[in-house]
Amino acid sequence: MDFLRWLFEAQIPVGSSSLLVRELVGNIFGLLSAFGGMRRKVWAWPVGILGNLLLLTVFLGSMFGGADTATLLGQAGRQIMFIAVSIYGWRRWQQSKTNGEDAVTPQWATGRQRIGLVTIMLLGTVALTPVFARLGSYEPVWADAWTFVGSLLATYGMAKGWVEFWLIWVAVDIVGVPLLFSTGYYATAFMYLFYGGFTLAGFFVWWKAKRDEKPQVEVMMPDPRTR
């Protein structure tokens, strides 16, 4: 209990402000999860869930950290969605894991699936912006909605094994980094900044894995000449 109380209350002085230790620890778990995802390891999912739980308390802002802490409902809400989708991804990767070490085989999304991803990204942002604004999210609210929808789609794409999910993360980072810096969540902002380069590397790693995949040929009946 003493450790949990320390983790919840501890802060690191940074200039005239301070940095929540649980924000830093939550982002470390997030980076470890991303690294595990790039290597297609099942443990990436539970590690990510631990980070999501910590960051959920961070982005609820004034509810947990005081009146002077910005509340980002999109960022907080996406931690809940992360957990839900991560449970789905965790089970999916466990079920698809073969005797090898890789839990999933990267694949390209179809044209229809790509159109669906873009459509949900845009319409979801438009639909959630007034909702988050009414609930008191920090300005610009559309950026909070964008990161929420994009993060959900990227996590779902990772669960499905789509190579494109890395590019969705890049789109999230482009908007998320300025938003987080402006609200004072510096640990998460720097994590997003680093994560931008990391996601590009992950994209090329999965792209190469897909390119090097050996084609599988299914034969309905055995060739009698091979006997």
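Colleague: Why is W206 called buried?

Modeller: This is a predicted model. W206 has a relative accessible area of 0%; buried means under 20%, so W206 is buried.

Colleague: What makes W93 count as buried or exposed?

Modeller: The relative accessibility of W93 is 0%, and the limit for buried is under 20%, therefore W93 counts as buried.

Colleague: Why is the pair of W93 and W206 called tilted?

Modeller: The ring centres lie 6.5 Å apart, with the planes at 35°. Stacked requires under 30 degrees and edge-to-face over 60, so this pair is tilted. W93 belongs to helix α5 and W206 to helix α9 (residues 186-211), and the pair links parts of the chain 113 residues apart. Ring pairs also join W93 and W206 with W45, F165 and W166 in a cluster.

Colleague: How many aromatic pairs are there by this rule?

Modeller: The count is 16 aromatic pairs.

Colleague: What makes the pair of Y88 and Y156 stacked?

Modeller: Their ring centres are 6.1 Å apart and their planes stand at 15°. The limit for stacked is under 30 degrees, so the pair is stacked. Because Y88 lies in helix α5 (residues 73-96) and Y156 in helix α7 (residues 141-160), the pair ties together parts 68 residues apart in sequence.

Colleague: How do you know that Y88 is partly exposed?

Modeller: Y88 has a relative accessible area of 33%.

Note on methods: Residues are numbered from 1 along each chain as its sequence is written. This is a predicted model: local features need pLDDT of at least 70, side-chain atom pairs count only at pLDDT 80 or more; totals for chains, interfaces and linings use all residues. Side-chain values use heavy atoms; hydrogens and water are left out. Rings of Phe, Tyr and Trp (its six-membered ring) pair if their centres lie within 6.5 Å; planes under 30 degrees apart count as stacked, over 60 as edge-to-face and the rest as tilted. Helices (H or I, at least four residues) and strands (E, at least two) are DSSP runs, numbered from the N terminus. Buried means under 20% relative accessible area, exposed over 50%, partly exposed in between (1.4 Å probe, protein chains only).
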